[in-house]
Amino acid sequence: SVTASEIAANAVGYSELADPIVIGSATWDFDLTTGSLDVTRTGSGYPTCYMRNTHTTTTDNDVLWVNGGTSSSGSSTYNFYSTTYKGRAGYFLKYTDDNRYCVYISAASSTSEGLYVYGTSARTGLEYHSIETSRGWEPVFSVESVDPEIYMSGSARLVDGRASISFDRMFTEATSRSGDIRITVTPSGGWSALYIESRSDSGFEVRSASGDQNIEFDWMACGLSKDHAVRENLTIVDPVEEQRLREEKERTAQR
């Protein structure tokens, strides 16, 4: 047998090992009681580690399972940790459109935390929220805009032709200057000449010039996010980068 000490002492060199190394039909079980497994490439080359499953079945072709351990694992434990100085820290590639997600994230429940992104996120497809209805799970699409906007809405009633509306604290703290906030009011159940008399960071005043002076109305406020300036610095889809990704995908498929 060849022990770890013999490899460490260079008693067995790479040239003496078969290429590729085949470890029979049994599972290769490698247990660590202390220390860690370190795979380091000191020279140039690509990639550092390459794993694949050549099974032709459709039910047994998972490539890698990473199990974080038992329920006693700490809440700050990362099951998978990836860092890089430049380029992409993670890249997931799929060849066939088979109506299955390229990446699937399963949280503890449908209402628990699933994905956190520190920074901006970009996509080329639609974004939707899946809601269970009488017809099963159906998509509800997000509101999209050319500007990063935040909305708030509600209902109120005039009293002698006047009404004061206060914004929620989160809306006030998340939006930019009050002068950028656009407000729409719509009378409900009748007619009244409503208009916005004044607005501030905390809310707005509604008045009626004529018509029903005690009418109920709906309102909607829209303001720019305080982070709206970041739009100018966003990285969008780059045709050159897209072409490079396609070429990389083709090279990977040929391996």
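Here is a quick tour of the strands and the nonpolar core in this predicted model.

Let's start with the open sheet. Three strands make it up, ordered S4-S7-S6, with antiparallel pairing. The edges are S4 (162-166) and S6 (192-199), each of which pairs on one side only. From one strand to the next, the twist averages 25°.

| Strand pair | Bridges | Bridge partners |
|---|---|---|
| S6 and S7 (residues 203-211) | six bridges | Ser198 and Glu205 |
| S3 and S8 | nine bridges | Ser155 and Asp218 |
| S5 and S8 | seven bridges | Thr186 and Asp218 |

Asp218 in S8 is worth a look: it is the bridge partner of Ser155 and also of Thr186.

What about the core? The largest nonpolar core holds 17 residues, and Phe167, Val185, Phe204, Val206, Phe217 and Trp219 have the most contacts inside it. At least two core residues come from each of S3 (149-157), S4, S5 (182-188), S7 and S8 (216-224). S8 gives the largest share, with three residues. As background, nonpolar side chains in soluble globular proteins tend to be buried together.

Which residues does Val185 touch, leaving aside those up to four places away in sequence? Its contacts are Leu194, Ile196, Phe204, Val206, Phe217, Asp218 and Trp219. Among them, Phe204, Val206, Phe217 and Trp219 are also listed with the most contacts inside the core.

Conventions
Residues are numbered from 1 along each chain as its sequence is written. This is a predicted model: local features need pLDDT of at least 70, side-chain atom pairs count only at pLDDT 80 or more; totals for chains, interfaces and linings use all residues. Side-chain values use heavy atoms; hydrogens and water are left out. Two strands pair if DSSP finds at least two bridges between them. Helices (H or I, at least four residues) and strands (E, at least two) are DSSP runs, numbered from the N terminus. Axes are lines fitted to C-alpha atoms, for helices over the stretch in contact, and angles run from 0 to 180 degrees between N-to-C directions. A nonpolar core is a set of buried Ala, Val, Leu, Ile, Met, Phe, Trp, Tyr and Cys residues joined through side-chain atoms within 4.5 Å. Buried means under 20% relative accessible area, exposed over 50%, partly exposed in between (1.4 Å probe, protein chains only). Contact means heavy atoms within 4.5 Å.
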